[in-house]
Amino acid sequence: MNSFDREKNRITKRNFVVVVVTFALLTVFFCLAAIFSSFGYKQSLFASKDETTREAERVTVVIDAGHGGEDSGAVANGLVEKELNLEVAKKLEAMLQMSDVDVVMTRSEDVLLSDGATERKKLHDLLTRVKIAKQYDKCIFVSIHMNKFPLEECHGLQVFYSENNEKSRSLAETLRAYALQTDDKNGRVIKPSGKNIYVLDRLECPAVLVECCFLSNSYDASRITDEKEQTKLAFALFCGINKFIEEQEKESG
Ligand SMILES: [Zn+2]
């Protein structure tokens with residue numbers, strides 16, 4: 001065998017080795033691919049588990065437009081509380097929906113949440129609102145109301161919070177901080193609701209009741225009937241709720 005033949009032989013051998021190694025690698029690759037695809041259902045099961053956990057951790061914001069139907073709430077300066085509550089609640093709902101927050105409204109129409117069969121309609125209405133919120137494991141309850149007082153000078157938004165959940169206070173404070181940006185004349189501080197507010201007393205989740213203004217005050221009354229001011233108010237509540245959710249998520253890692 002001359003040197004040319006030896007070289008040719010060496011190259012042939014090398015090619016053979018390359019082919020064998022390539023074949024072996026391809027075989028290993030296809031075997032691994034087959035094994036992984038056969039366990040594919042397990043992977044998707046784990047994936048759906050993560051998804052389920054994430055879903056379970058999602059917060060539902062329950063917006064409660066106070067009163068409704070035969071219960072008008074406060075009436076002053078020609079304004080009816082139940083109507084304004086719903087207008088603000090609907091604006092807030094739309095904003096939260098746009099930012100992909102799960103939202104539930106206790107009422108979307110002018111109705112009392114009572115079947116009418118009971119004599120204690122008002123109590124039944126409040127119970128229904130509590131029941132709606134209790135359907136959600138991770139819930140934030142925000143009740144929207146308007147205030148009224150015999151003294152005309154009383155004005156400004158005020159947030160009441162439930163003491164059943166320690167986070168209610170920080171939700172109230174966050175909402176107040178954003179609301180102040182729309183009305184720097186407002187000096188009202190947040191207050192615990194105690195037993196005075198039925199829905200807050202019955203809920204265990206972070207729960208607040210926002211008295212958005214005093215219908216009996218002419219300054220407040222003119223603002224709450226202005227579409228732009230209503231939107232500003234709803235936006236302040238929206239920012240506060242979002243900030244609260246964000247902070248809770250940070251805390252829980
Ligand atoms: Zn009210």
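## Surroundings of helix H5

The buried residues of H5 are covered by elements that include strand E5 (139-147), strand E6 (158-161), strand E8 (207-214) and helix H8 (227-251). This is a predicted model. H5 itself spans residues 167-180, 14 residues in total. From first C-alpha to last it reaches 20 Å, close to the 20 Å expected at 1.5 Å a residue.

Which residues of H5 are buried? They are Ser168, Leu171, Ala172, Thr174, Leu175, Arg176 and Ala179. In an α-helix there are 3.6 residues a turn, so residues three or four places apart point the same way. Leu171 and Leu175 are both on the buried list, and both also meet H8.

## H5 against H8

Two packed helices are described by the angle between their axes and the distance between those axes. For H5 and H8, the axes come within 8 Å. They cross at roughly 140°. The two helices are therefore oblique to each other. Their crossing is right-handed.

On the H5 side, the residues that meet H8 are Ser170, Leu171, Thr174, Leu175, Tyr178 and Ala179. On the H8 side they are Ala236, Leu237, Cys239, Gly240, Lys243 and Phe244. Thr174 and Ala179 are buried and take part in this contact.

## H3 against H8

H8 also packs with helix H3, residues 81-98. The angle is about 50°, and the axes are 9 Å apart. That angle makes H3 oblique to H8. The crossing of H3 and H8 is right-handed.

H3 brings Glu87, Val88, Lys91, Leu92, Met95 and Leu96 to the contact. H8 brings Gln230, Thr231, Leu233, Ala234, Phe235, Leu237, Phe238 and Ile241. Leu237 of H8 is listed in the contact with H3 and in the contact with H5.

## Cys154 in its loop

Cys154 is found in the loop between E5 and E6. Is this cysteine buried, exposed or partly exposed? Cys154 is partly exposed, because 16 other C-beta atoms lie within 10 Å, and a buried residue needs 20 or more.

Leaving out residues up to four places away in sequence, Cys154 touches Phe149, Phe214, Ser216 and Asn217. Ser216 is 62 residues from Cys154 in sequence. In space the two are 7.8 Å apart, C-alpha to C-alpha.

## Two positive phi angles

Asn77 is not a glycine, yet its phi is positive, at about 50°. Asn77 sits in the loop between strand E2 (75-76) and strand E3 (79-80). Asn77 counts as partly exposed, with 16 C-beta neighbours inside 10 Å.

Asp100 also has a positive phi, near 65°, in a residue other than glycine. Its loop runs between H3 and strand E4 (102-105). Asp100 has 8 C-beta neighbours inside 10 Å and counts as exposed.

## The chain as a whole

The chain has 253 residues, and buried residues make up 33% of them. Its secondary structure comes to 8 helices and 8 strands. Among contacts with a separation of 6 or more, 77% are between residues 24 or more positions apart.

How confident is the predictor, and in what share of residues does pLDDT reach 70 or more? The mean pLDDT of the chain is 85, and 76% of residues reach 70 or more. Over residues 28-47 the pLDDT is below 50. Beyond near neighbours in sequence, that stretch has 0 contacts in the model.

Definitions and conventions:
Residues numbered from 1 in each chain as written. Predicted model: local features only at pLDDT ≥ 70, side-chain atom pairs only at ≥ 80, totals over all residues. Helix = DSSP H or I, 4+ residues; strand = E, 2+ residues; numbered from the N terminus. Expected span 1.5 Å × (residues − 1). Buried ≥ 20, exposed ≤ 12 C-beta atoms within 10 Å, placed from the backbone. Contact = placed C-beta atoms within 7 Å. pLDDT = per-residue confidence, 0-100. Axes fitted to C-alpha atoms, helices over the stretch in contact; angles between N-to-C directions. Parallel < 35°, antiparallel > 145°, perpendicular 65-115°, else oblique. Left-handed = near helix turned anticlockwise from the far one by under 90°.
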